[in-house]
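Here are my notes on the model, point by point. Please read them with the coordinates open.

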Amino acid sequence: MRMKLKEFNRLAGKAGQYSCSVVTVHGIQSRGEWQKMAVAPLSDAGIRCIPVDLGGIGLLKMLRPEALADRLMPRVVAAWKNHSDQGHEPIHVVAHSFGTLVVARALQRNAGVRFTRAIMCGCILSPRFPWSELRDRGQIAHVRNEMSMEDGAVRLAHTLMCRWTGQAGIKGFICDDTELVENVPFNWLTHSDATGEVHIARFWIPYLLGTESS
Amino acid sequence: MPFPGFGTLLQKRPEQSATIRRLEEFLGQVAATSPTAAIEDGHIANKFGLTSHDARVLLVDLMLVRVLQSRVAWICPETYGTSREQAELRDMPTWIECEKCGLIHTYDPEQIEVFVVFSHDYLSSVRQ
């Protein structure tokens with residue numbers, strides 16, 4: 001039998017052949033439809049995917065975003081552990097909007113959790129979020145921050161009552177180590193445009209596989 | 001001693017019990033004489049009157065119950081020969097200097113094919 005990787009992984013599911021794995025995390029007022037959509041193309045490309053469902057998060061719950069993120073971050077840790085226990089490393093993460101804060105808190109509060117590459121889109125973290133400290137703890141090797149000046153939701157992030165939130169999704173992260181953090185501008189994208197199928201295929205999959213052109 | 005994976009498969013696919021029992025006997029014979037053979041879905045389809053798709057589904061099921069194990073091959077886009085084989089996709093490099101055409105190929109999941117061989121556990125049970 002010689003079958004294409006895509007067909008094999010569709011039949012074999014989690015027991016398929018994967019070159020790496022990814023945890024995806026959605027934002028508020030969403031059940032992560034993009035995550036469910038992304039499982040198939042990611043799996044077809046040999047990326048084992050676990051979409052983390054944070055449940056429906058209404059705007060009112062964002063009055064205390066750090067506490068909310070801390071309550072939800074065990075789901076990210078569990079997904080990471082699922083990949084790790086099965087030996088599917090390297091493990092990457094893709095987070096959108098409020099999901100970026102949940103991932104950040106998962107890393108800050110669980111020193112054993114390690115993601116090799118992270119894609120942040122619609123990122124509501126502070127531009128001064130301490131990625132270098134997480135790198136020094138061996139928890140992250142590279143962050144790709146997809147930014148857009150048109151992201152209206154990120155524009156409001158600095159109003160959140162949380163020391164870790166801000167407008168990194170518009171202004172970029174401030175980090176001396178350019179090998180650690182890459183701010184990638186995608187002008188004109190609105191808050192959720194980066195989670196579309198074409199964008200995932202063109203940019204996320206090559207990045208996660210490590211085959212993106214420099 | 002029957003390998004437990006076939007029992008699991010019979011429970012999963014009771015409507016194919018006759019085919020699975022014949023397949024168990026056939027694979028036992030092949031494993032005894034050609035333990036390193038790759039199992040071809042076309043041969044299974046022809047021998048047991050299955051469609052190619054159904055044969056592949058059964059072979060993947062046999063992989064899931066550990067009778068078989070998968071291996072991956074990087075197919076050269078120029079010559080369509082096998083540039084490299086690995087037991088695990090994660091062991092494939094992100095680029096290779098192709099032994100078939102001499103060119104540099106960057107990893108592309110579209111160039112990866114999967115095939116199945118007997119698992120170590122199954123071969124051990126056949127030898128007992």
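1. Start with the contacts of Ile112(B). Neighbours within four places in sequence are left aside here. From chain A, Ile112(B) is in contact with Met3(A), Lys4(A) and Leu5(A). From chain B, the contacts are Val72(B), Ala73(B), Trp74(B), Leu89(B), Met92(B) and Tyr107(B). Keep in mind that this is a predicted model.

2. Where does Ile112(B) lie? The residue belongs to strand E5 of chain B, residues 112–118. Its relative accessible area is 0%, so Ile112(B) counts as buried, the cut-off being under 20%. Ser70(B) is 42 residues away from Ile112(B) in sequence, and the C-alpha to C-alpha separation is 12 Å.

3. Stay in chain B for helix H3, residues 41–48. Which residues of H3(B) are buried? Asp41(B), Ile44(B), Ala45(B) and Phe48(B) are. These residues cover an arc of only 100 degrees around the axis, so they sit on the same side of H3(B). Their cover includes helix H2 (17–33) and helix H4 (52–64) of chain B. Just after H3(B) comes Gly49(B), with a positive phi of about 65 degrees.

4. Now the sheet of chain A. Six strands form an open sheet, in the order E3-E2-E4-E5-E6-E7, with parallel pairing. Strand E3 (47–52) and strand E7 (181–185) stand at the edges. Each has a single partner strand, so one side of each has no neighbour in the sheet. On average, neighbouring strands are turned by 15 degrees against each other, direction ignored.

5. Look at one pairing within chain A. Strand E4 (residues 91–96) and E5(A) run parallel and are joined by 4 bridges. Ala95(A) stands opposite Met120(A), which is in E5(A).

6. Which strands does H2(A) touch? H2(A) packs on the sheet against strand E2 (20–25), E3 and E4 of chain A. The direction of H2(A) makes about 170 degrees with that of E3(A). Helix H4 of chain A (residues 98–109) also packs on the sheet, touching E2, E4 and E5. For this helix, the angle to the direction of E4(A) is about 140 degrees.

7. Aromatic pairs come next. Over all chains, the structure holds 10 of them. Trp34(A) and Trp204(A) form one that is edge-to-face, with 5.7 Å centre to centre and 80 degrees between the planes. This pair links distant parts of the chain: Trp34(A) is in helix H2 (residues 33–44), Trp204(A) is in helix H8 (residues 197–209), and the two are 170 residues apart. Both Trp34(A) and Trp204(A) are buried.

8. Another edge-to-face pair is Phe129(A) with Trp164(A), at 6.0 Å centre to centre and 75 degrees between the planes. Phe129(A) is in the loop between strand E5 (115–121) and helix H5 (131–136) of chain A. Trp164(A) is in the loop between helix H6 (152–155) and helix H7 (168–171), 35 residues apart from Phe129(A). Phe129(A) and Trp164(A) are buried. Together with Trp131(A) and Phe173(A), they form one aromatic cluster.

9. Last, the ring of Tyr207(A). Which residue lies over its face at 4.6 Å from the ring centre? Arg117(A) does. The charged end of Arg144(A) sits over the ring of Tyr207(A) as well, 5.7 Å from its centre.

Terms used: Residues are numbered from 1 along each chain as its sequence is written. Chains are lettered from A and ligands numbered from 1 in the order in which they are written. This is a predicted model: local features need pLDDT of at least 70, side-chain atom pairs count only at pLDDT 80 or more; totals for chains, interfaces and linings use all residues. Side-chain values use heavy atoms; hydrogens and water are left out. Rings of Phe, Tyr and Trp (its six-membered ring) pair if their centres lie within 6.5 Å; planes under 30 degrees apart count as stacked, over 60 as edge-to-face and the rest as tilted. Buried means under 20% relative accessible area, exposed over 50%, partly exposed in between (1.4 Å probe, protein chains only). A charge sits over a ring if NZ of Lys or CZ of Arg is within 6 Å of the ring centre and within 35 degrees of the ring normal. Two strands pair if DSSP finds at least two bridges between them. Axes are lines fitted to C-alpha atoms, for helices over the stretch in contact, and angles run from 0 to 180 degrees between N-to-C directions. Contact means heavy atoms within 4.5 Å. The arc is that of the directions from the helix axis to the C-beta atoms.
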